[in-house]
Amino acid sequence: MGAENHTEVSEFVLVGLSNCPQAQLLLFMAILLTYLATLLGNLLIVTLARVDSRLHTPTYFFLSHLSFLEMCYTTSTIPQMLAHLLARNKVISFDHCMAQMYIALSLGSTEAILLAAMAYDRYVAVCHPLHYATVMSRKCCLALALSSWASGFILSVINAACVLRLPFCGLSHINHFFCELPVVLKLACADTHLTEAVIFAAAVIILLLPLCIILASYGLILASILRAHSAAGRHKAFSTCTSHLAVVSIFYGTVISMYMRPHKGSPPDWDKHVAVFYIVVTPALNPLIYSLRNKEVKGAVIKLKQRVSFMKKT
């Protein structure tokens with residue numbers, strides 16, 4: 001019976017953010033500009049990390065991975081979102097919906113684990129500066145980055161498999177602008193308590209374990225900062241961590257409110273409003289957070305401009 005119902009569903013209808021034509025046009029322009037800013041900002045960081053020798057460090061190695069991930073994350077959802085804002089037909093096929101859900105889950109999980117790797121990098125830099133180059137070797141950085149990507153995509157198979165085994169009945173409307181796990185789960189024509197328990201357990205592994213590593217790393221960093229004798233030393237140590245802490249706070253604040261909160265009794269549009277923040281807004285903020293007070297990035301941008309100007313003249 002489950003298999004029959006499963007195959008009967010060939011498409012879903014994405015309700016989107018608004019049904020008002022004027023609001024849809026404004027949303028299209030705002031989201032398009034934000035998306036372009038996200039791509040340009042994160043692409044700039046990836047480019048700088050590769051071409052500027054001063055940024056060939058573990059910190060910028062991980063940052064370039066984070067920026068590339070953000071470009072992939074937004075591209076997995078926003079182009080379709082923009083198309084649906086201008087289209088009357090907001091249909092998405094079942095297979096496309098499931099693929100989008102898995103990719104978004106995988107990239108989000110990868111980001112959680114990658115942020116933990118970046119926190120470990122900051123811990124070694126602040127607490128063990130003399131051993132930093134040895135501990136955070138190129139081999140170690142590659143292993144941490146590759147394990148983050150692999151773990152994110154492998155662990156997300158559990159969640160995707162739990163949803164795929166459920167029956168879906170008839171043409172269903174998804175009150176969202178893309179196929180996100182908690183919202184798709186509500187459309188199942190079966191008891192989902194066991195599935196929700198498995199997904200919650202997976203979320204604990206994917207989200208809370210990296211968060212514990214991050215909190216432990218910053219707890220040790222804080223203890224090291226408080227032991228520093230000079231105010232200049234404390235300020236330097238703290239300034240190396242503020243950008244990463246800001247990104248961690250934004251990411252975990254929004255994602256935990258989406259995946260680890262009780263869904264009963266919440267406003268019907270809560271899920272998509274929260275998703276707008278971490279799908280559209282946060283990826284655009286990350287390049288600004290990492291570069292506004294960063295002399296190394298500013299210096300690399302100036303150097304890149306000089307190189308481009310020189311190439312034009314020649």
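Reader: How many residues has the largest nonpolar core, and which have the most contacts inside it?
Author: This core has 44 residues, and Phe12, Met101, Phe168, Ile174 and Val184 have the most contacts inside it. A nonpolar core is a set of buried Ala, Val, Leu, Ile, Met, Phe, Trp, Tyr and Cys residues joined through side-chain atoms within 4.5 Å; buried means under 20% relative accessible area with a 1.4 Å probe, protein chains only. The model is predicted: local features need pLDDT of at least 70, side-chain atom pairs count only at pLDDT 80 or more, and totals for chains, interfaces and linings use all residues. Residues are numbered from 1 along each chain as its sequence is written, and side-chain values use heavy atoms, without hydrogens and water.
Reader: Which helix gives the most to this core?
Author: Helix 5 does, with seven residues. Helices are DSSP runs of H or I, at least four residues, and strands are runs of E, at least two, numbered from the N terminus.
Reader: What other core lies apart from it?
Author: One of 39 residues, including Phe61 and Cys241.
Reader: Turning to aromatics, how many pairs are there?
Author: The structure holds ten aromatic pairs, with ring centres within 6.5 Å. Phe12 and Phe168 form one that is edge-to-face (planes over 60 degrees apart), at 5.9 Å centre to centre and 80° between the planes.
Reader: Where do the two sit in the chain?
Author: Phe12 is in strand 1 (residues 11-14), and Phe168, 156 residues apart from it, is in the loop between helix 7 (138-164) and strand 3 (172-174).

Key. Phe/Tyr/Trp six-rings, centres within 6.5 Å; stacked < 30°, edge-to-face > 60°. Buried < 20%, exposed > 50% of the residue type's maximum accessible area, 1.4 Å probe, protein only.
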